[in-house]
Amino acid sequence: MHGRRVFQTFFVALLVAYCTLLLYQSFLRGGFNEQAILNGKGGKDYRYDFGYEELAANKATSEIPTTFRPPTITVDDIFISVKTTKRYHKSRLSVILKTWFQLAKEQTWFFTDSDDKDLHNKTHGHVINTKCPASHHRKALCCKMSVEFDAFMDTNKKWFCHFDDDNYVNVPRLVEFLKDYNPKEDWYLGKPSIQRAFEISSKNKTAPKVKFWFGTGGAGVCISRALALKMMPAAGGGQFMRTGEKIRLPDDVTMGYIIEHLLKKPLTVVNQFHSHLEPMKFIRRELLKDQISFSYSSNNIIKLEGFDILRDPTRFLSLHCLLFPYFDFCPR
């Protein structure tokens with residue numbers, strides 16, 4: 001008799017747990033439909049770019065896709081954008097085209113401000129003339145970032161990674177790094193260039209100051225598609241330019257404002273991203289292979305032996321041959 005009561009108690013507990021699980025799953029399925037922010041420009045529902053169609057297909061069942069483990073990521077899942085301008089097509093892009101672009105030719109796009117037949121041919125058409133002004137003014141920067149963001153949203157890629165034309169990107173390391181993050185979750189990955197949160201004035205009398213962090217565009221920034229979907233009202237379809245004009249700040253600061261302030265999603269600091277605002281010479285040689293992005297400026301380059309400084313002033317050729325010595329221009 002005692003054994004039967006124990007079995008009945010266990011059976012009831014199991015039944016309650018199972019019913020609770022069904023209710024929880026039903027709640028999750030409904031939650032996606034209630035997020036009107038997922039609906040993108042022109043009536044297109046961007047959920048279906050990214051596997052969210054599985055949720056719709058499973059509405060009549062108790063099964064939903066698991067998100068406990070990040071899905072497998074390959075380089076084909078990443079949309080890599082490089083912001084540039086006509087004056088740097090030869091001086092800056094030539095070293096990129098010779099090195100890391102070769103590792104992600106189908107995934108990398110260059111966003112510039114003029115037509116360039118030679119660059120078009122060398123990149124196999126992966127050049128987009130944004131029609132934005134050829135300046136470094138905040139309006140021009142936000143204009144180009146707006147085009148970059150919309151170009152990403154028109155794909156089914158899982159990650160949007162932006163870099164500048166003075167960056168070297170260790171593509172395999174970037175792919176390995178992103179494998180630890182689920183693109184179906186909200187991720188804003190980057191590195192600040194300032195020591196404390198950025199602060200701007202607000203018209204809200206109860207909160208006159210707005211503080212937020214932003215990842216500097218000069219080091220690189222990656223955004224998951226799930227987060228990009230939530231950014232659509234403030235960034236999609238040209239809204240990024242309007243938001244930038246509202247706060248009168250450059251593109252990377254505007255990005256932080258949208259994500260950290262409006263959406264309340266924190267920046268995840270990636271120390272393996274590097275901009276020219278930090279001293280490159282302090283990155284130790286044995287750690288170079290573990291870094292994701294590098295930059296340079298006058299008298300601020302990686303401390304690395306290799307090609308003559310006149311041939312390789314950025315040290316990117318020498319870095320590339322250290323990481324990928326099989327390239328034909330590398331010394332044997």
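The legends below describe close-up views of a predicted model.

**View 1. The three disulfides of the structure**. Counted along the chain, the bonded cysteines follow the pattern 1-2, 3-4, 5-6. Cys132 is joined to Cys143 with a sulfur-to-sulfur distance of 1.9 Å, and this pair links distant parts of the chain, with Cys132 in the loop between strand 3 and helix 5 and Cys143 in helix 5, 11 residues apart. Cys161 is joined to Cys222 at 2.1 Å from S to S; because Cys161 lies in strand 4 and Cys222 in strand 9, the pair ties together parts that are 61 residues apart in sequence. The angle about the S-S bond is -80 degrees for Cys132 and Cys143, a left-handed link, and 115 degrees for Cys161 and Cys222, a right-handed link.

View 2. Helix 5, which runs through residues 138–153, has 16 residues and reaches 22 Å from its first C-alpha to its last, close to the 22 Å expected at 1.5 Å a residue. Since 14 of its 16 residues are buried, helix 5 is largely enclosed by the rest of the structure. Cys142 is in no disulfide, and the nearest cysteine sulfur, that of Cys143, is 8.9 Å away. Cys142 counts as buried, at 3% relative accessibility.

**View 3. Helix 10 and its surroundings.** Seven of the eight residues of helix 10 (residues 316–323) are buried, so this helix is largely enclosed by the rest of the structure. The buried residues of helix 10 pack against helix 3, strand 5 and strand 11. Among them is Cys321, which forms a disulfide with Cys330, their sulfur atoms 2.1 Å apart. Cys321 has a relative accessible area of 11%, while that of Cys330, also buried, is 5%.

**View 4. Glu260, a buried residue without a salt bridge**. Glu260 is found in helix 9 (residues 251–262), and the nearest side chain of opposite charge, that of Lys264, is 8.8 Å away. A polar atom of the Glu260 side chain lies 2.9 Å from the backbone nitrogen of Trp213. Leaving aside neighbours within four places in sequence, the residues in contact with Glu260 include Tyr188, Phe212 and Pro266.

**View 5. Two loop residues with a positive phi.** Most residues other than glycine have a negative phi. His124, although not a glycine, has a positive phi of about 55 degrees and is found in the loop between helix 4 and strand 3. Lys264, likewise not a glycine, has a positive phi of about 60 degrees and is found in the loop between helix 9 and strand 10. His124 counts as exposed at 60% relative accessibility, and Lys264 counts as exposed at 59%.

Methods:
Residues numbered from 1 in each chain as written. Predicted model: local features only at pLDDT ≥ 70, side-chain atom pairs only at ≥ 80, totals over all residues. Heavy atoms only, no water. Helix = DSSP H or I, 4+ residues; strand = E, 2+ residues; numbered from the N terminus. Buried < 20%, exposed > 50% of the residue type's maximum accessible area, 1.4 Å probe, protein only. Lys, Arg positive; Asp, Glu negative; His and termini not counted. Salt bridge = Lys/Arg side-chain N within 4 Å of Asp/Glu carboxyl O. Polar contact = N/O pair within 3.5 Å; in protein donor to acceptor, adjacent residues only side chain to side chain. Contact = heavy atoms within 4.5 Å. Expected span 1.5 Å × (residues − 1). Disulfide = S-S within 2.5 Å.
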